[in-house]
Amino acid sequence: MATPSDTQDNSSIDQTSIDHAREQSLEIDEHSDVDSALGDDTQSRTTSLTESIYNYRQEFGRTYHAYKDGQYVFPNDERESDRLDLQSHILNLTYRRLHFAPLEHPRHALDIGAGTGIWAMDFADLYPECQVIGIDLSPGQPAFVPPNLKFVIDDAEDEWIYDHKFDYVHCRLMAGCFADVEKLIEQAYNNLEPGGWLEFQDYGLPLKSSDGTLEGTSLQQWGELMCEAARKIGRPMGSEVSGRYSEWMQAAGFVDIEEKNFMWPSNTWPRDKYMKELGHWNMINITEGLEGFCLQLLTRGLGWQKEEIDILVAKVTADIKDRRIHAYYPMPVIWGRKPLHA
């Protein structure tokens, strides 16, 4: 688990290192390289929740959450848990910190969409005096956690009925999970203490490219199809959501809203060593998750058959590994404060 010294020190972190992954124009590495594969680091996870929560729905050889079945379109199986752990590693490399909101001695914090629980555990370690709640639709979190942290199976789209307000609400990579993001932001506002912070750390889709090499590729088509399917099922995703957080937060009453824009290369195409490393891990991250991203979304949203998805996944995988395609995912971070006298 993380400690304050190696995870978060707003006063001493080198600003250049924080901003190194910012969205920017990157030089292309014209030389080919060989990427090493990830090792197998599988870990079993259990919680003390009721047995019915574990009665996962199975489809296409993957499992999906039982609570609010169908609301979250991505798998919750061990394969996906491993990918989420890798994704947390990439986020740590990108941000070099757990949060950007300038927190001062938070007493209560809420992590929406806790996933495998890594961020919530690190945050609880960093702020041992803060009571942290991590919520998710699936019980994919460890049983042994810091004493100031608890995980709860809950839906952030339901009415919040906590017995206290929060100093910080955190929401990471959740664009596409909510039918009404504006309502979620309003709920967060109403459940924050005056002066409390809401922070989104999210992704953009479709991908971007500054030199036209993405145009006409299966990778570009995939991003557009995903966004189209998400709209069809009533849960828009990608830049259609993350690009409007600032606007919606301002409408809800938040002040001191700030935004930083980072980027994840699609593979190792950048010349810059640091961005090349991010691209390496992200290439593995997306190829590992690609089938799971597509299955529910394209069958439910666009009526595709499994065979059609298999063909698309194969084409997109080839594009992800093609270093001639200089694409990247926008990775915006937005945070804002509830007024002190609200």
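**A friendly note on this predicted model**

1. Let's begin with a single residue. E247 sits in helix α8, which covers residues 245-252. Please keep in mind that this is a predicted model. Is E247 buried, exposed or partly exposed? Its relative accessible area is 43%, so E247 is partly exposed. Along the chain, E247 and I257 are 10 residues apart, and their C-alpha atoms are separated by 9.5 Å.

2. Now step back to the whole chain. You can count 10 helices and 9 strands in it. Of the 342 residues in the protein chain, 55% are buried. Look also at the contacts in the chain with a separation of 6 or more: residues 24 or more positions apart account for 76% of them.

3. Another glutamate to find is E240, in helix α7 (residues 239-242). With a relative accessibility of 30%, E240 counts as partly exposed. Which residues does E240 contact, once its neighbours within four places in sequence are left aside? They are C227, R231 and W248.

4. Next, the cysteines. How many disulfides does the structure hold? The count is 0.

5. Before we turn to helix pairs, here is a handy way to look at them. Two packed helices are described by the angle between their axes and by the distance between those axes. The crossing of α6 and α9 is left-handed.

6. Which residues make the contact between α6 and α9? From α6 come W222, L225, M226, E228, A229, A230 and K232. On the α9 side you will find I286, L290, F293, C294, L297, L298, G301 and L302. Sorted by class, the contact of α6 with α9 has 12 nonpolar residues, 1 polar residue and 2 charged residues.

7. Helix α9 has a second pairing for you to look at, with helix α10 (residues 306-320). The axes of α9 and α10 come within 10 Å and cross at roughly 155°. Is α9 roughly parallel or roughly antiparallel to α10? The answer is roughly antiparallel. The crossing of α9 and α10 is right-handed.

8. To trace this second contact, select M283, I286, T287, L290, E291, C294, L295, L298 and T299 in α9. They meet K306, I309, L312, V313, V316, T317 and I320 in α10. The residues of the contact of α9 with α10 divide into 11 nonpolar, 3 polar and 2 charged. As you go through the two lists for α9, watch for I286, which is in contact with α6 and also with α10.

Conventions
Residues numbered from 1 in each chain as written. Predicted model: local features only at pLDDT ≥ 70, side-chain atom pairs only at ≥ 80, totals over all residues. Heavy atoms only, no water. Helix = DSSP H or I, 4+ residues; strand = E, 2+ residues; numbered from the N terminus. Buried < 20%, exposed > 50% of the residue type's maximum accessible area, 1.4 Å probe, protein only. Left-handed = near helix turned anticlockwise from the far one by under 90°. Contact = heavy atoms within 4.5 Å. Nonpolar A, V, L, I, M, F, W, Y, C, P; charged D, E, K, R; others polar. Disulfide = S-S within 2.5 Å. Axes fitted to C-alpha atoms, helices over the stretch in contact; angles between N-to-C directions. Parallel < 35°, antiparallel > 145°, perpendicular 65-115°, else oblique.
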